[in-house]
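Hi,

Here is the structure I said I would pass on. Have a look, and my notes follow below.

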Amino acid sequence: MTDAALDEQAAHVAETIEDLIKGADHVLFDFDGPICRLFARHPAAGVAESLVGWLDRHGGEVRLTDVQRAAQDPHDVLRAVGRLHPGSDVVEGLERELTRQELLATRSAWPTAYADPLIRTWSAVASGLAVATNNSPRAAEEYLTVRGLSECFAPHIHGRAPDLDLLKPDPDCVLRALDSLGATPAGTLMIGDTPSDLLAARAAGVSFLGYAQGAGRAERLRAAGAAVIVDSLEPLLAIVRRRRAP
């Protein structure tokens, strides 16, 4: 592709991002990724391993496959047990253990670059912001409070529900966010970093903007059908600041 073609493509992407932002009266953020790296210094793979250890001690007859035991994502462990023993005490206990680990992780989470000023600026010009996440809402609330961002979202923080079948890509938390904001899907934008975020937004009729640090994450979003992906929140902040200007 020629330099001129690349410049034209970049201009088109920038224009599309601006259109998405200008059309958004309400904005939904996934938590782990667009707002912070929750497991930056409390690795997700280690949390998944600790959940398997918890099951070995407390899970009784729960039997995971070798693949499930080797999961790198704690939500994969939680989903697996939820499917094997839906609504059981062991699932409730495992979810509480994951919440405990997520709360620990908030103490060392890394803020996503430009996320804090973007959230503060956007909250001043949008009709409302919300969090729609598969993480515990308690973890999201804890992190946002420490960062001084809770007022930008509260009380619109929607995390995983007791029914694990409602984790994204199910649109449940997105629909709850829309309902609490009094928002219409057509006037709402979701920012997420995984295919499950995209699928949940799509199922709810909400526009989607992908955030991906790294070629692998971007490729997974593209393969899932994401049309617009950024590797930094800086251009979003610039657009929102222009929107705020008189």
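**Strand 6 and its neighbours**

Strand 1 (residues 26–29) pairs with strand 6 in the parallel sense, over four bridges. Before I go on, a word on the source: this is a predicted model, in which local features need pLDDT of at least 70 and side-chain atom pairs count only at pLDDT 80 or more, while totals for chains, interfaces and linings use all residues. Residues are numbered from 1 along each chain as its sequence is written, and side-chain values use heavy atoms, with hydrogens and water left out. Helices (H or I, at least four residues) and strands (E, at least two) are DSSP runs numbered from the N terminus, and two strands pair if DSSP finds at least two bridges between them.

Back to the pairing: Phe-29 stands opposite Ile-191 in strand 6. Strand 6 is also joined to strand 7 (residues 207–211) by four bridges, and these two run parallel as well. There, Gly-192 has Gly-210 of strand 7 as its bridge partner. To get from strand 6 to strand 7 the chain passes through helix 10 (residues 195–204), and this β-α-β crossover is right-handed (with the strands pointing away from the viewer, the path from the first strand over the helix to the second runs clockwise).

How many of the residues of strand 6 are buried? Five of five, across residues 188–192; buried means under 20% relative accessible area, exposed over 50%, and partly exposed in between, with a 1.4 Å probe and protein chains only. Both faces are covered, with Thr-188, Met-190 and Gly-192 on one side and Leu-189 and Ile-191 on the other.

**A buried aspartate**

Asp-116 is found in helix 6 (residues 115–125) and is buried, at 8% relative accessible area. Its side chain makes a polar contact of 2.7 Å with the side chain of Arg-147 (a pair of N or O atoms within 3.5 Å; within protein, one must be able to donate a hydrogen and the other to accept it, and residues adjacent in sequence count only if both atoms are side-chain atoms). Leaving aside neighbours within four places in sequence, Asp-116 is in contact (heavy atoms within 4.5 Å) with Pro-111, Tyr-143, Arg-147 and Leu-149.

**Salt bridges**

The structure holds twelve salt bridges, each a side-chain nitrogen of Lys or Arg within 4 Å of a carboxyl oxygen of Asp or Glu. One of them is between Glu-18 and Arg-242, with the closest N and O atoms 3.2 Å apart. That pair links distant parts of the chain, since Glu-18 is in helix 1 (residues 3–22) and Arg-242 in helix 12 (residues 234–244), 224 residues apart. Arg-242 is partly exposed, at 48% relative accessibility. Lys-22 comes in too: Glu-18, Lys-22 and Arg-242 are linked in a network of salt bridges.

Arg-69 and Asp-56 form another salt bridge, the closest N and O atoms being 3.0 Å apart. Arg-69 lies in helix 3 (residues 66–69) and Asp-56 in helix 2 (residues 44–58), so the pair ties together parts 13 residues apart in sequence. Arg-69 counts as partly exposed at 37%, whereas Asp-56 is exposed at 51%.

Finally, Glu-219 and Arg-222 meet in a salt bridge at 3.9 Å, N to O. Because they are three residues apart in helix 11 (residues 215–224), about one helical turn separates them. Glu-219 is partly exposed at 46%, and Arg-222 is partly exposed at 49%.

Cheers
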